[in-house]
Amino acid sequence: MSTLCLVPHPQLAHKWRQSAVYAHSDLLPFAIKELVAQLLKEQGLPYRDSVFLEKIALWEAVGEARDGLVCYGQMADFPGFIEDLHNLFFRFGSGQVSFEHLSDPEQGDLHLLYDLYLQKLSAYHVLNQAQQLEQAIAFWPNSQLKQKVNRVELYYLGELTRLERRLVNLICEGKQVEHCTFSPNDADVTAVVAASPREEIVQVIKAIIGLLNQGVEPQTIAVVSPDLDSYLPLIMPLFSQYQLPWQPPMPKLADTPVGKAMGTLVRLMQSVWTKHDLEQLAAPGWGLPFGLSQEEHRLLRIAPPTLRSREQWHNYLGECPGWQQIFAVLQTLHFKPGFYPVRFYTERLQRVLAELPLIKWPAVDHGQWAVLAKSYDGLQKLLADLAVSQHLVNAAQFEQIFNTALDSYVLPQPRSFLQKIYVGSLSQVVGMGYHTLYMIGVT
């Protein structure tokens, strides 16, 4: 018989699984999401787990139902509406909220959208998080894992939804249950006040260097922050300056050169061409990989901001060879205004990518090349997922959908066998047993 161990996040489960293999232990560590995936795999249930396709299904549901919506039809064009609706339906499906406190017309709108949303998910063979949990709960009594386990260890699991709590309670029925803590010893806590965020980072760096000089392994040190995005612009140059071994968090696709260039192309599918968009499209290292001359860059830089149409820009820059290449690419995106299937837009972007293969995009070192390759591959995957949608949208609506896709895709972290300091979010270090943990930006 084995011990099922539920832990708060997959990184900790992976670490303990490796230790269990080396120690020939019967411990089975899982985060809840991993356990759900294991049960659905054992059940042999074919499904896709894609938050992005969940949002595409919502876009389609809202587009299909908007004329019949009494209360929420006017909100359909707001970029944040789909995101808010996705969060609401996750909480509704998980049993965290109900619609009973709303008026009848509001309830009617939300139930209509929710039913359409589930239909779209079914067509894509996608199970959202609530549906996955429901399937796992239904299958647990018949699972081999249930027969194999006689003991359950519960560590800190954070705030659980009602469905997650149901699953945990069901797993614990008839088993020996132990509520465990990560460490029996209290940590030594020291608070330090810094005059500025930069000084704060420098103090942390000097303390880390002291630990490394004492022989502390880099992978046993972590730096976390509740506001990491604000600190990364300071951490990255300073950690590099002091040559600390660490792995920067991977960016979202929207923040990479490929993502920014393709996002700009989507904006230029519309009738208005702004100077800012052309500057972004031609920016060295951040735009399309066309080598404009200094004179061609200068002409754009001194161009009047009043130029707004395709024809005006052709008249102003069309004699330059470099801009002629860019205008030729943009010409392949041109179409009459109207409503088209999402695939109509993705095929045009794929034509551009066919003309600009990965080898043409510049990278100054291996790090930039890794980000470039992963972002190029991620873009291809997103376009393939988008192409399954038959929803009719205009260019402005497609821009919203495409930007949502870019912003929701985080590049995968490269594998490394080197020992590195962890820099990331607080939720990912719970239970990891670090020698020293630095929390910055807590005020």
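Helix 4 (79-93) and helix 6 (129-139) each give at least two residues to the lining of the largest cavity. Helices here are DSSP runs of H or I with at least four residues, numbered from the N terminus. A cavity is a set of points, on a 1 Å grid over the protein atoms alone, where a 1.4 Å probe fits but cannot get out, and a lining residue has an atom within 4 Å of a point.

This is a predicted model, in which local features need pLDDT of at least 70, side-chain atom pairs count only at pLDDT 80 or more, and totals for chains, interfaces and linings use all residues. Residues are numbered from 1 along each chain as its sequence is written, and side-chain values use heavy atoms, with hydrogens and water left out.

Back to the cavity. Searching the whole structure gives one cavity of 30 Å³ or more. The space in the largest cavity is about 40 Å³, where a volume is the space filled by probe spheres set on the points, and grid points are joined across faces, edges and corners. Its lining consists of Glu54, His86, Phe89, Phe90, Tyr117, Asn128, Gln129 and Ala130. Helix 4 has the largest share, three residues. By class, four are nonpolar, three polar and one charged. Nonpolar here covers Ala, Val, Leu, Ile, Met, Phe, Trp, Tyr, Cys and Pro; charged covers Asp, Glu, Lys and Arg; the others, Gly among them, are polar.

Next, salt bridges. The structure has 11 of them, each being a side-chain nitrogen of Lys or Arg within 4 Å of a carboxyl oxygen of Asp or Glu.

Take Arg48 and Asp385, with their closest N and O atoms 3.0 Å apart. Arg48 is partly exposed at 35% relative accessibility, while Asp385 is buried at 17%. Buried means under 20% relative accessible area, exposed over 50%, and partly exposed in between, with a 1.4 Å probe and protein chains only.

What about Glu295 and Arg298? Their closest N and O atoms are 2.8 Å apart. Both are in helix 13 (residues 294-301), three residues apart, so about one helical turn separates them. Glu295 is partly exposed at 40%, and Arg298 is partly exposed at 33%.

Finally, a network of salt bridges links Arg151, Glu153 and Glu178.

How values were computed: On a 1 Å grid over the protein atoms alone, a cavity is a set of points where a 1.4 Å probe fits but cannot get out, and a pocket is an open set with protein on both sides within 12 Å along at least five of seven lines; lining residues have an atom within 4 Å of a point.
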